[in-house]
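Have the sequence and the model open beside you as you read.

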Amino acid sequence: MNKYKSVIIISPNLDEGEIEDIVTEITDLINQDGEVTKVEKMGIKKLAYEIKKNRRWKMVFSTKSALGN
């Protein structure tokens with residue numbers, strides 16, 4: 001299995017419960033064909049460019065193992 005790292009960018013307007021639901025949904029999806037080994041909530045970060053007229057977004061970092069298809 002190959003190791004991958006990813007960053008999930010989430011709207012800053014969501015509360016912790018909604019963020020946890022999103023992270024759980026994505027983790028469950030990845031675990032169907034691989035394994036999430038680490039999830040780290042990074043908090044609000046400033047981006048170099050705006051997305052939907054906003055530069056500050058909540059970010060979640062994850063490390064996973066999966067087959068490289």
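Which element gives the most to the lining of the largest cavity? The answer is α1, with four residues. Before going further, a word on the model: it is predicted, with local features needing pLDDT of at least 70 and side-chain atom pairs counting only at pLDDT 80 or more, while totals for chains, interfaces and linings use all residues. Residues are numbered from 1 along each chain as its sequence is written, and side-chain values use heavy atoms, with hydrogens and water left out.

Now for the overall layout. The protein has one helix and three strands, where helices (H or I, at least four residues) and strands (E, at least two) are DSSP runs numbered from the N terminus. Reading along the sequence gives the pattern β-α-β-β. Taken along the principal axes, the box filled by the C-alpha atoms is roughly 35 × 25 × 20 Å. Of the 69 residues, 26% are buried; here buried means under 20% relative accessible area, exposed means over 50%, and partly exposed is in between, using a 1.4 Å probe and protein chains only. Among contacts in the protein with a separation of 6 or more, 62% are between residues 24 or more positions apart, a contact being heavy atoms within 4.5 Å.

Back to the cavity. Rolling a probe the size of a water molecule over the atoms shows where empty space is left. In this case the work is done on a 1 Å grid over the protein atoms alone: a cavity is a set of points where a 1.4 Å probe fits but cannot get out, and lining residues have an atom within 4 Å of a point. Grid points are joined across faces, edges and corners, and the volume is the space filled by probe spheres set on the points. The count comes to one cavity of 30 Å³ or more, and the largest cavity holds about 40 Å³ of space. Its lining is made of I8, V23, I26, T27, I30, V36, V39, V60 and S62. Two or more of the lining residues come from each of α1 (16–30), β2 (34–51) and β3 (54–66). By type, the lining divides into seven nonpolar residues, two polar and no charged; Ala, Val, Leu, Ile, Met, Phe, Trp, Tyr, Cys and Pro count as nonpolar, Asp, Glu, Lys and Arg as charged, and the others, Gly among them, as polar.

Next, take a look at the helix itself. The expected span of a helix is 1.5 Å times one less than its number of residues. For the 15 residues of α1 this should be 21 Å, which agrees with the 21 Å between its end C-alpha atoms. Which residues of α1 are buried? They are I19, V23 and T27. These three cover an arc of only 65° around the axis, which puts them on the same side of α1; the arc is that of the directions from the helix axis to the C-beta atoms. What covers the buried residues of α1 includes β1 (2–10), β2 and β3. On the face of α1 turned away from its buried side, you will find the exposed residues D21, E25 and L29.

The strands are worth a visit too. In strand β3, T63 counts as buried because its relative accessibility is 15%. Leaving aside neighbours within four places in sequence, T63 is in contact with Y4, K5, E35, V36, T37 and K38. S65 also lies in strand β3 and counts as buried at 11% relative accessibility. With neighbours within four places again left aside, the contacts of S65 are M1, N2, K3, G34, E35 and T37. The C-alpha atoms of S65 and K5 are separated by 8.8 Å, although the two are 60 residues apart along the chain.

K3, in strand β1, is exposed, with a relative accessible area of 70%. Not counting residues up to four places away in sequence, K3 touches K64 and S65.

Most residues other than glycine have a negative phi. K52, however, has a positive phi of about 50°, and K53 has a positive phi of about 60°. K52 counts as exposed at 77% relative accessibility, and K53 counts as exposed at 79%.

How values were computed. 1 Å grid on protein atoms, 1.4 Å probe; cavity = no way out; pocket = protein on both sides within 12 Å on 5 of 7 lines; lining within 4 Å.
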